[in-house]
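Please read the following report beside the sequence and the coordinates.

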Amino acid sequence: MESALQQKLPLGFLHGQAVLEKPEDLYIPPDALEVILDTFEGPLDLLLYLIKRHKLDILELPILKITEQYVTYVEMMKELKLELAAEYLVMAALLAQIKSRLLLPVHEELQEEEDPRAELIRRLQDYEKFKNAAQSLDEMPRLERDIFVAQAYMDPSYEWAPALPETTLKELMLALGDVMARAKTFEHHHISKEALSTRERMSLILEKLGEANSTLPFIEFFEYEEGRSGVVVTFIAMLELVKESLISVIQATVGGVLYLTLKSE
Amino acid sequence: MPGRRVSDEQLQELIEAAIFVSEKPLTKQVLKDTVLADIAVSNERLTRALDDLQQHYLTRGIRLVEVGSGYRFQACSSLSPWLSKLWQERAPKFSRAMLETLALIAYRQPITRGEIEQVRGVAVSSQIMKSLIEREWIKVVGHKEVPGKPALYATTKQFLDYFSIEGLDALPKLPDRQLEKLTNLIQDPSVRELSE
């Protein structure tokens, strides 16, 4: 047997001494150690693992034994130069503290004191609860893995009617405000006194739209030279035409330019 | 204006098609505001139509189910092992760290990152929080009134949708065992000698 002749390689070094034998109750193949370390989600998880290995209840937390093993384990990881999260060392310190408190004689006056293990037991229980909850969550049916959503498509030949935003009276008034402001600058040119007929203006608008044979911008219907009253007459004529359903006011986008168009049957 | 009348069959057809073509689950309210906007349908009638549709699909390979953000159609779960072969890539596996973090947020929400770390005993990686937020399973719902004002996390409707449940009460119950035993242990000084 060749292997028997070979010098035994140390598993690791503990307190400067070579560890040739695997620690009892904690057999983990050395090359698997690195892998296993990744599987622990922190010191609480490692502690739970050690407790379960002994088939013990968390409530009977045998602090001395567990501390010993925990420290052995952590030391081994350190010796193997595995990157060790600081949390593991904090836990080692906490275990050592609990251990020392347990070893102290119980003073009469301190009888009321809580078991030093209680807080750690509570944390272990809480962690175990969520460790299990995470497992159940993983086992729940979920999209991508167990659930497939059923979908249907719209008939691709369907033509979408572009939904034009409704033009509000407010927007009409705002547009008129702009036109009025512009008309104001021309006001002093206004000399005509002839009455402007709304009806006539209505016909003009219809005619203009008929000639253009398309939609025209709202502002194109105003003759600024006519001044404010001219603008008002044109505006009233537009409202009349809208009311009589002869034209409609449209807007390509919300807040966009207003257009007039003939109402087609 | 809600006025048009439709037969029960027409109503079912419309609801069925709407849920099928919609990319996201539809709630009763969304159905009423969109496809049923100009149809006179009472809440009772809508519920009945959905119930009837659910019944109708019980004998097919598709089921109508209600999840967190509404109704959707999904393949009958008993067919999943075969259906999964349609996709080359395997569904993503989640790390234990991510699942534990998600479980804590689901059961203890609203919860801060610090509180999650307290229970898990290790730091929660930013990567995990980021990917949970990116998948829209969790969101910040506020800030805790303590120094530093840490963000409070909660699960979303998308989280419910992903696990195909209607609400958080459909999650597996957390065990509350051993609490009594712990209290006894703490109160009984003789137990101290137990450890070696």
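The report below begins with the confidence of the model and then turns to the interface, the helix packing and the sheets.

**Basis and confidence**

This is a predicted model, in which local features need pLDDT of at least 70 and side-chain atom pairs count only at pLDDT 80 or more, while totals for chains, interfaces and linings use all residues. Residues are numbered from 1 along each chain as its sequence is written, and chains are lettered from A and ligands numbered from 1 in the order in which they are written.

The model scores ipTM 0.79 and pTM 0.64. Confidence in each residue is given by the predictor as pLDDT, on a scale from 0 to 100. Chain A has a mean pLDDT of 77, with 73% of its residues scoring at least 70, and chain B has a mean of 87, with 88% of its residues at 70 or more.

**The interface between the chains**

In the model, 46 residues of chain A are in contact with 42 residues of chain B. On the chain A side, the elements that give two or more residues are helix 3 (43–53), helix 4 (63–79), helix 5 (86–103) and helix 6 (118–139), and helix 6 of chain A gives the most, with 14 residues. Residue classes are assigned with Ala, Val, Leu, Ile, Met, Phe, Trp, Tyr, Cys and Pro as nonpolar, Asp, Glu, Lys and Arg as charged, and the others, Gly among them, as polar. By these classes, the side of chain A that touches chain B has 26 nonpolar, five polar and 15 charged residues.

**Helix packing**

Axes are lines fitted to C-alpha atoms, for helices over the stretch in contact, and angles run from 0 to 180 degrees between N-to-C directions. Two helix pairs are set out here.

| Helix pair | Angle | Axis separation |
|---|---|---|
| Helix 6 of chain A and helix 5 of chain B | about 100° | 8 Å |
| Helix 3 of chain A and helix 4 of chain A | about 125° | 10 Å |

Angles under 35 degrees count as roughly parallel, over 145 as roughly antiparallel, 65 to 115 as roughly perpendicular and the rest as oblique. Helix 6 of chain A and helix 5 of chain B are therefore roughly perpendicular to each other. Their contact includes A:Phe130, A:Ala134 and A:Leu137 of helix 6 of chain A, and B:Leu99, B:Ala103 and B:Tyr107 of helix 5 of chain B. By class, this contact has nine nonpolar, no polar and four charged residues.

Within chain A, helix 3 and helix 4 are therefore oblique to each other. Here A:Leu46, A:Leu47, A:Leu50 and A:Ile51 of helix 3 meet A:Ile66, A:Gln69, A:Tyr70 and A:Tyr73 of helix 4, a contact with seven nonpolar, one polar and no charged residues.

**The sheets**

Two strands are said to pair if DSSP finds at least two bridges between them. Chain B has an open sheet of three strands in the order 3-5-4, with antiparallel pairing. Strand 3 and strand 4 of chain B stand at the edges, each with a single partner strand, so one side of each is left without a neighbour in the sheet.

Strand 3 (residues 111–112) of chain B is joined to strand 5 (residues 151–155) of chain B by two bridges, in which B:Thr112 is partnered by B:Leu152 and B:Ile111 by B:Tyr153. Strand 4 (residues 138–143) of chain B pairs with strand 5 of chain B over five bridges, in the antiparallel sense, and B:His143 stands opposite B:Ala151. Helix 5 (residues 96–108) of chain B lies across strand 3, strand 4 and strand 5 of chain B, running at about 90° to strand 5.

Chain A also has an open sheet of three strands, in the order 3-5-4 and with antiparallel pairing. Strand 4 of chain A pairs with strand 5 (residues 258–262) of chain A over five bridges, and A:Ile250 has A:Tyr259 as its bridge partner in strand 5 of chain A.

Methods
Contact = placed C-beta atoms within 7 Å. Helix = DSSP H or I, 4+ residues; strand = E, 2+ residues; numbered from the N terminus.
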